[in-house]
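Thanks for coming. I will show the structure first and then go through it chain by chain.

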Amino acid sequence: MSFSRRRFLAGTGSAGLTVLGASIPFEMVLAQGSPIKLGSILDNSGNLDAYGKPMVMATTLAAEEINATGGLLGRKIQVVQYDSQSDIALYTKYAQQLTRDDKVDVTHGGITSASREAIRQTFHRANSLYFYNVLYEGGVCDRNVVCTGTTPAQAVEPIVEVALKQWGKTAYVLAADYNYGQITSKWLTHYINKGGGKVLQSSFFPLDVSDFGSTIAKIQQEKPKFVVAALVGGAHMSFFRQWAASGMNKKIPLCSTTFGVGNEHLALSAAEGDGILIAGNYSQENTNAANKDFLAKWAKRFGNTKLVHEIAVSQYQGIMLWAACVKKAGSLDREKMLAAIESGISIQGPGGTVTLDPKTHHAILDINVMEVKNQKLTIKQQFKARPPSDTLQFCDLQKNPKENKQYEVKI
Amino acid sequence: MIGDAANFTSAGRTHWGWVIAIFILLLLLPAGFDTNTPTLLGIWALFALSLGLMWGYAGILSFGHAAYFGLGAYTYAITSMNLGESTAAWIFAIVLPAFVAALIGAMMFYGRISDVYMGVITLVFSLILAKFMGATAGDAYSIGNARLGGFNGIPAFPILNVPGDPSTPIFGTALYYVVLCCLVLCYLVSRWVLSSAFGRILLGIRENEARIELLGYNAPAYKTAIFSLSAAMAGMAGCLFASWAEIVTPALFGLGQSVEVIIWVIAGGLGTLMGPVIGAVLLGTMKLLLGEQTFIDNSLVIGGILVLVVLLLPRGLLPTVMGWRKQHGQRSVSRARSNSMRRRGGERRQLGAGVEHGKAGQNHE
Amino acid sequence: MSWRAWTLTFEKVAMDYAAVVFLEIIYMIAFLVLTSAGLAVVFGMMRVINLAHGEFVMVGGYTTIACAKAGVNIYLAMLVIAPLVVGILGLLVERLVVRQLYGRMIDTMLATWGLSLLIVGIVTFIFGNTAVSVPAPIPGYELGEFQMGGYNLFIIGIATLLIICMWLVMRFTRFGLVARGAMQSADVASSLGYDPKRVYMWTFTVGAALSGLAGGVLAPLTGLLPSSGGAYIAKAFITVITGGAAIITGTLSSSVIFGTINQVVSFGSTPVIGEIAMLAFAVVLLRLMPQGITGRFFRNAP
Amino acid sequence: MSEMIVETRDLSMRFGGVLAVNNVNFSLRERELRCLIGPNGAGKSTFFKCLTGQYQINHSHGRVFIRGQDVTGWRPHEIVQLGVGIKTQVPSVMNGLTVWENLWLSARRIHGKKGASAEVDRIIVELGLQTQMRRMVGELAHGQRQIVEIGLVLCQQPKLVLLDEPAAGITGAEADRLVSLIHGINQQSAVVVVDHDMNFVRMLGGSVTVLHQGAVLMEGATDAVMNNAKVREVYIGNRAK
C-alpha cells in the first residue's frame, strides 16, 4: 500500500491507512508467531520522492509476495517503514530507532549515497544487517552491508564505451555535488581516459540548484563531443528542461548515469527527452519471464506499471536476495546469514539473473545500454553478468572481514 | 546588586520554586521514558533560550540564528574528528560562534544598522553559510582529516566523551543529563546576567537605545556583547545536537532552523526566559509527532500556530498564563499591559525611525 | 587554416560568448525584478514586509502548471489566471491577517512567515511534495555559435514591460499619486481624502498579483516544489531591502547590481559561488548604506 | 577658554541644499544659565543636536569644545561622559520600565552599584515622584514624563545641562516647578535651555541667544533682547507668515 497523498485524494487506499502514515510501523499481516522485522528508510516525499515512492511500493510488493507464499521460516515479514522526507538528518534518527527500539532483523533502505554513508556506521556498530539497493559510485567494503545496485564498472563503463565510439572523444561532465557525483565523476574521467577520450571539464551542482543557464553557455564554449550528466533529484531535472529549451539537445548528444532512475523520461516530453543515452540493470522492455511476472504483479497491486524504475526493481531484487539468503541459512543468526550471503547465491529478478559476489557483497548484474525514445527506454545493447570489477580491485571481505571503508578510484 | 532587585523588577526574577521542581522532575524522567526525544527537546530548548535572552531582553531579533547553532555543530564535528577527544572540541564549539557573532554584531551595531536591515544581514549570513557548506563535497574541502562533505554533511565523528577519557562516550541517558545540566546552567547564567547592571542596561536599550546613549552608555558595545553571549549558547546547543544526531548537515544553517526557533520564542513568550524553553518543548514535541505521519504536512500546523499566536496572544503563552494567574495582582497586570504596549510601541518606534532616516535631510529642525 | 582566419573566427566566437554572457546577466536581472516587484510594492508603500511573498510566487507557478496540464493555453494561465488567483489570495491575507497588524512591523513579518509555512503545507497537501514542471513554450534560437533559450528573452521582455507599466502607473495615475504620497508618509493618503485602509488593501492585492505573475512566468523554466518559495523570498527580501523604500528605482538598481555580480561570478566559477558573492555583497552594501540604496541616493524617486 | 564650558567655532550644519546652522560662534561660562531662542526653523534643535553629538560634525564644518575638550565628531555617550546632562525635545524615557528603574539606569554610571539606589531614592523625593516610583513611565502623563527625564539628567550630576524644549506641553503649575528645578540644577552646573516659549524664557531669566536662519541674531540679557526691535520683527514677521 502506498501512502502518497494523491492516491488518498484519488480515493484509493483508506484514510485510516493514510493517517497511519509511512513512518509508523504497521502490521503487513497479523503474524502467527512474532514476525520477522524488515526495516526500511526511504525518501517517500521531498526533492527525492521520484526515486523513493516507487521503492516504497516495491518494498510493499516484495513483502506481500513473500508473506503470500507463507513467509520465511514459517514467520511473516513485518515492514517497519520510515519516510526520511529527503532529509539526511532524519536518516540517522530513524536508523537509530530501527536498531535501538525496533530491533529489526534487516534493513533495506537509503537512496542517495549521502544517506547510505549517514546510516551505514550505525548499522555496522549495531551488527544489524543492511542492504543498500541503489545504483551508486561503488567501493563500499563492509561485511555488514550488501549493495545490489549497479556500480560504475557495471553501468558507467559500457555507456562511456558506446558514447566514445559513436560521438567522439571529448566530454563535459555535470555531476551532483555530493559523494555520489564526486566519486562517479572520477570513475567517468577514469573510463573516458581509458577509452582514449578526454574530459574537458567537470562541474558539480548542489541538489537545490535549478538554474543551469550559465552552465549551458559554458558547455557550448567548451564544445565537447558529448555531455555526461550524473545529476540527482527534482531540482536537477530542470537541467534537461533548459538543455532542451535552448535547443542544445539537437546539437550536442547527452548521456546520463542517473537519467530514468527517477522516471525523468516520463516527466520530460518526448521532444525534450529523446536521444538521451543511459545504462542500467533494468528496462521495462526486458523480455525475461521474471519481468513479465513482476510487472503483472505490480499492475495488479498498484493499478499500472508507470512508476516502475531501475532502483524500485533493485529494491525488489534486494529483498528477494535477502529472502533467498534467509531460506538458505535456515535462520536469522548473523553468522549463518553472512555465510549464505557469501555462498555465491543468486536469484532470477526482473533485471535478469542477480548473483551476490562473495568477496564484495555486491551484485553481479546484466546491463542494458538504453536510449530514450518517446518516453520509453529502448534497449540498444545488452551485457550479460557484469561483475562489480571496480570494487573488486580493492575489496575482499572473505580475506579481511574486519574492513569497513569506501574505496575511491585515484585519477 | 541583589539588594535593589526589589526595586528593579522589570528584569524578572528566578522562580526558584518552579526551577527546582521542574529540574527534579526532569532528573527523574529517564526512569519512566526513553530519553532520545527528551534530549533533542532539551537541545532545542537551549537554542530557543539563547534567542529568547537576546530578543526578549535586548530587543535584538536575529533572522538567522541557526548560523551559530550550525557553526557550533560543525565546529564540534570538525575539531573532535581531528582531536579524537571531545572536551576541547566542546569548548571550541562555544567559543567560535561567540567570536564570529562578536565580529558580525560589532559590524552591525557600530554601523547603526537596525530592525529590518539587521534582519537581512543576520539572515544573509546564515544563508551564505548554508550555501557554502552545501557546496563543499569536493575532497579539496577538508579541515585536517575531516571532510566537509557538502550535502552529505559530516557523519561518524566522535560523540561527546567523559572529559579526558575518549574511550567512554556519553550517549543515551547520560547525554540527556548533560543536556539538562547545560540547559539549567544557561538559564541561571541568563538570570544572573539580567540581574546585573549589564542586563538592566540591555533592558534600557530595548526600551530606548537613544536615551541609553544620552545617559553615557556605549549601546553598540552592550548589544555586541549580548549578541555574542547568545551565539555562544546557540553554539553549545549546536554542539550537543551534533553529538545527539551523530551527523551534521548544511540544513543546520537553513532558513527552516532559524524560523522554527523564532516561532518557539514568540509562542512561548517574548521577554521571559522560561517562555522560549516551554515553547521549544511544546512545539518541538508537536513537530516530532506530526513528523511521524504524512497525512497533514507539519509546516501547515506550525504555520497556523504562528499566525494565531501573533494575532491572538501577541505576548506569547507564558506571560498570558501568568497574566491570568495574577489577575488581581495590580502590578503584574499593569506590567503586562505596558509590556504589550511596549511591543507595539517598539514596532512603531523602529518603523518611525526607519521612515525618519529614509528622509533625513528633508527635515532640518 | 591561416593565422588571420583563425584569429578572426576566434574573435567572432569571443564576441558571441560575450553576447551570451551579457544575455544571461540581463536574464538574471529580469528574474530578480520579477520576483521582487510584488514585495517591493508592498514594502515601499506600506512598510510591510510580506514574508509569504515567496509562497505567493510559488502558488502562481503551481496555478500555471496546473492549468497548463489541464489544457489551458499556457500564456493565458501565466499572464492572467496566475495573477488573478494569487491576487485574490493576497486580498484574503490582507483582510484576515495583515490588516490586524499595521504599525507592528516585526509582528507582521512573523505572521506572514507563519502564513508562508501554512501555504507550503496546503500546497503539499494538494499537490504532494513532488517536483512539477512544464516544457518552455518557446524554442531555442541561435546566437552565432551558440544556442540560447528563447524563453529567457520572453522573461526579459515581461520584466521590462512590468517596470515600464509600474513607472507609468506611478507617474500618471491617481493611484500612483496616492502611492507616492504613501511612500513619503502614511498620513498622506488620508490627507488626500483616501481611506488608508482601502489603499493598503489594494496595494497588498496588487503586490500579490505581481508575485503571482512572476511565479507564472518563471514556472516553465525551473521545476517547482512546495518549498520553492524559500528560494524566491530570500533573494527578493534582500533585493528589496537593499534597494530601499523607492519601489521602482530601488528594485531596479539593486536587481542590476545583484544580477550582474551573481552571473559574472557564476561564469567565472560556479552558480553557487555566484549566489554567495551576491549575498556577501548585499551585506557590504547594507553596511555602507544602512537605509538601502534609495535611502541614500535619489530619495524622492518613485 | 578654560572658564568656557561650551564653545563652538564657526559651526555649520548643512542638509542637502539648506544651511540649518550657519557658522555659529557660541560660548557659555561655568554655572551660566542661557536660553537659546528663535522662531521655528531657526536651527535651534539642529544646533542642539550638534552639541549633543546626535548629529556628527565633520571637522570642515567647525569645531565644538566642551569642558576644554575638542568633542567635534564624538558620539553622544562620549560627550555625556564628560559630565553633560541632556534632555531631548520629545520626552525620551524608557516607557516599559518603572520610574525607579529609569532613574537607576541613569544613576548607575555615576554612583556605581552601591550608590545608585540611594541616589535614586534621593532624587525621587526631590522630584516628589514617591507615589509613581513603581509605575511604568509609559503610563504617566506627558508632564510627569518630562519631570522624569529631568530626573534622569539630575542623576548624572552633570557640570553642563542641555535642555531641549523642557516646557513643551506642560501646565502652568508644572512650569513653575520646572523653573525652580532648572534654577536648582543651575546651582552646580551651567544650563542651556532651547525654547521658543517667550514667557517661559522670561520666567527662567538669565541671558539669551537668539538664532535666526541658522545664525546668531543677537545675544544679551533677557529684557534687552525681548525689547529689541529686530528680534520682535523676526518673531512677529515669522508669525505673520
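Let me start with two chains that stay apart. Chain C and chain D do not touch, and their nearest C-alpha atoms are 11 Å apart. Chain A and chain D do not touch either; there the nearest C-alpha atoms are 42 Å apart. Four pairs of chains do touch, and among these the pair with the most contacts is chains B and C.

Keep in mind that this is a predicted model. For the complex, the predictor gives an ipTM of 0.83 and a pTM of 0.85.

Now the contact between B and C. On one side there are 41 residues of chain B, and they are in contact with 42 residues of chain C. Which elements of chain B give two or more residues to the side that touches chain C? They are α5 (115-134), α9 (255-268), α11 (298-312) and α13 (330-359) of chain B. By residue type, that side of chain B divides into 25 nonpolar, eight polar and eight charged residues.

As for chain B itself, its secondary structure comes to 13 helices and four strands. The chain has 365 residues, and buried ones make up 57% of them. If we take the contacts in chain B between residues at least 6 apart in sequence, 74% of these join residues at least 24 apart.

From chain C I have picked one helix, α10, which covers residues 247-268 of chain C. Its 22 residues, at 1.5 Å a residue, should span 32 Å, and the end C-alpha atoms are 31 Å apart, which agrees. Is α10(C) enclosed or open to the outside? Of its 22 residues, 18 are buried, so α10(C) is largely enclosed by the rest of the structure.

In chain A, look at Leu73(A), which lies in the loop between α3 (49-68) and β2 (77-83) of chain A. Leu73(A) has 13 C-beta neighbours inside 10 Å, so it counts as partly exposed. Ala58(A) is 15 residues away from Leu73(A) along the chain, and their C-alpha atoms are separated by 22 Å.

The rest is about chain D. Its mean pLDDT is 84, and 96% of its residues reach 70 or more. Where in chain D is confidence lowest, and where is it highest? The lowest is helix α8 (residues 229-240) of chain D, at a mean of 68, and the highest is strand β8 (residues 190-194) of chain D, at 91. Where pLDDT is low, the predicted coordinates should not be read in detail.

One sheet in chain D is an open sheet of six strands, in the order β6-β7-β8-β3-β9-β10 (chain D), with mixed pairing. β6 (84-87) and β10 (215-221) of chain D each have a single partner strand and stand at the edges, so one side of each is left without a neighbour in the sheet. Direction ignored, neighbouring strands of this sheet are turned by 15° against each other on average.

Within that sheet, β7 (residues 160-164) of chain D and β8(D) run parallel and are joined by five bridges. Lying across β6 and β7 of chain D is helix α4 (residues 142-155) of chain D, which runs at about 170° to β6(D).

There is also an open sheet of four strands in chain D, ordered β2-β1-β4-β5 (chain D), and here the pairing is antiparallel. Its edges are β2 (18-29) and β5 (69-70) of chain D; each has a single partner strand, so one side of each is left without a neighbour in the sheet.

Strand β1 (residues 4-15) of chain D is joined by four bridges to strand β4 (residues 63-66) of chain D. The bridge partner of Arg9(D) in β4(D) is Arg63(D). Helix α1 (residues 44-52) of chain D packs on this sheet and touches β1, β2 and β4 of chain D, its direction making about 60° with that of β2(D). Between β1(D) and β2(D) there are eight bridges, again in the antiparallel sense. Here Phe15(D) has Val18(D) in β2(D) as its bridge partner.

That is the tour; I will take questions now.

Key: Residues numbered from 1 in each chain as written. Chains lettered and ligands numbered in written order. Predicted model: local features only at pLDDT ≥ 70, side-chain atom pairs only at ≥ 80, totals over all residues. Buried ≥ 20, exposed ≤ 12 C-beta atoms within 10 Å, placed from the backbone. Contact = placed C-beta atoms within 7 Å. Nonpolar A, V, L, I, M, F, W, Y, C, P; charged D, E, K, R; others polar. pLDDT = per-residue confidence, 0-100. Pairing = 2+ DSSP bridges. Axes fitted to C-alpha atoms, helices over the stretch in contact; angles between N-to-C directions. Expected span 1.5 Å × (residues − 1).
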